Every structure is written in structure tokens, then in C-alpha cells.
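Biologist: I have a structure open and would like to learn how to read it. Could we go through some features in turn?

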Amino acid sequence: MRVDKWLWHARFFKTRSKASAVVAAGHLRVNGQHARKAAQAIRAGDVLTFPQAKTVRIIKILALADRRGPAPEAQALYEDLTPQAPRDDSAPRPVQGRPDSRDRRAARAAKQARLE
């Protein structure tokens with residue numbers, strides 16, 4: 001199966017042309033080797049590495065798809081090997097609406113820590 005078609009089937013990109021643009025730009029690796037063209041053949045067991053948003057995704061292909069189905073079906077096609085960054089609980093949480101006293105204390109502490 002073509003790599004751009006599989007990326008579209010697995011719902012990593014909204015369109016197949018966006019998936020092929022990533023490959024054409026040289027940002028996709030298949031088993032550690034740069035993919036040269038969007039028509040490069042892939043199979044189950046291959047590992048893909050590519051940038052998506054602000055992260056680099058590492059994906060192991062488990063199966064190939066016949067169609068672009070719903071999200072649960074697409075998620076069964078791969079195993080995500082991307083390392084998860086540890087969550088920083090000390091950072092102030094996003095405020096929705098008016099901040100309460102806990103939000104104000106956290107914001108003050110974060111500001112003090114940056115100044116020191």
C-alpha cells in the first residue's frame with residue numbers, strides 16, 4: 001500500500017494530498033530511511049516517523065486498510081510508540097472565566113519563579 005494513502009486511512013492527515021506533501025518534503029521516515037516518494041510501499045511491521053503539529057510521531061503499522069473508516073477503526077491500524085512527555089503539574093492551569101484564589105496564587109508563584 002502507498003504510504004500517503006495509509007497515513008490518510010489512519011487519519012493522521014485530513015487529506016491524502018497533505019500526507020503526500022509531508023512525504024515529498026522529506027519529513028517522513030520508513031524504518032529509519034527517508035521516504036523518497038508518496039508511492040513508497042509499506043507493510044505491516046514498518047515503523048513510520050514524521051512530524052505532526054509540534055511533536056514527532058513514531059508509529060508502528062499493525063495492519064493495512066481497505067477504506068478510510070471511522071476513528072476507532074483507524075486507531076486499530078497502528079501502535080503509537082511516541083514517547084509521552086512528563087506532565088508538569090506546577091505550571092498554572094488554563095483559566096476559564098474569572099480566576100479563583102488558587103489560580104491567582106499559582107500565577108503569582110510562577111511569575112516569582114521566572115524573576116528569580
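Biologist: Is Phe50 buried or exposed?

Modeller: This is a predicted model, and in it Phe50 has a relative accessibility of 1%. Buried means under 20%, so Phe50 counts as buried. Phe50 lies in strand 3, residues 47–52.

Biologist: How do I read a pair of aromatic rings?

Modeller: Two values describe such a pair: the distance of the centres and the angle of the planes. Here the count of aromatic pairs comes to five. In one of them, Phe12 and Phe50 have ring centres 5.3 Å apart and planes at 80°. An angle over 60 degrees counts as edge-to-face, so that is the label for Phe12 and Phe50.

Biologist: Which parts does the pair of Phe12 and Phe50 tie together?

Modeller: Phe12 sits in the loop between helix 1 (3–9) and helix 2 (16–24), while Phe50 is in strand 3, so the pair ties together parts 38 residues apart in sequence. Phe12 is buried as well, with a relative accessible area of 7%.

Biologist: What kind of aromatic pair do Phe13 and Phe50 form?

Modeller: A tilted one, with 5.9 Å from centre to centre and 45° between the planes. Phe13 is in the loop between helix 1 and helix 2, so its pair with Phe50 in strand 3 links parts that are 37 residues apart in sequence. The relative accessible area of Phe13 is 12%, and Phe13 is buried.

Biologist: Which residues form the aromatic cluster?

Modeller: Trp6, Phe12, Phe13, Phe50 and Tyr78 form one cluster.

Biologist: How does strand 3 pair with strand 4?

Modeller: Strand 3 and strand 4 (residues 55–61) pair in the antiparallel sense, over six bridges. Within strand 4, Ile59 stands opposite Leu48. The two strands form a hairpin with two residues between them. In the turn, Ala53 has a positive phi of about 60°.

Biologist: How many bridges join strand 4 to strand 5?

Modeller: Three bridges, and strand 4 and strand 5 (residues 78–80) run antiparallel. Asp80 in strand 5 stands opposite Ile59.

Biologist: What does Thr82 touch?

Modeller: Leaving aside residues up to four places away in sequence, Thr82 touches Val56, Arg57 and Ile58. A polar atom of the Thr82 side chain lies 2.9 Å from the backbone nitrogen of Ile58. Thr82 belongs to the loop between strand 5 and helix 4 (101–115). At 14% relative accessibility, Thr82 counts as buried.

Biologist: How do I tell which way residues of a helix point?

Modeller: An α-helix has 3.6 residues a turn, so residues three or four places apart point the same way. In helix 2 the buried residues are Ala19, Val22 and Val23. Looking down the axis of helix 2, these buried residues fall within an arc of 100°, so they line one face of the helix.

Biologist: What covers the buried residues of helix 2, and which exposed residues are on the face turned away?

Modeller: The cover includes helix 1. On the face turned away from the buried side, helix 2 carries the exposed residues Ser17 and Ala24.

Biologist: Which residue takes a positive phi just after helix 2?

Modeller: Gly26 does, with a phi of about 85°.

Terms used
Residues numbered from 1 in each chain as written. Predicted model: local features only at pLDDT ≥ 70, side-chain atom pairs only at ≥ 80, totals over all residues. Heavy atoms only, no water. Phe/Tyr/Trp six-rings, centres within 6.5 Å; stacked < 30°, edge-to-face > 60°. Helix = DSSP H or I, 4+ residues; strand = E, 2+ residues; numbered from the N terminus. Buried < 20%, exposed > 50% of the residue type's maximum accessible area, 1.4 Å probe, protein only. Pairing = 2+ DSSP bridges. Arc of directions from axis to C-beta. Contact = heavy atoms within 4.5 Å. Polar contact = N/O pair within 3.5 Å; in protein donor to acceptor, adjacent residues only side chain to side chain.
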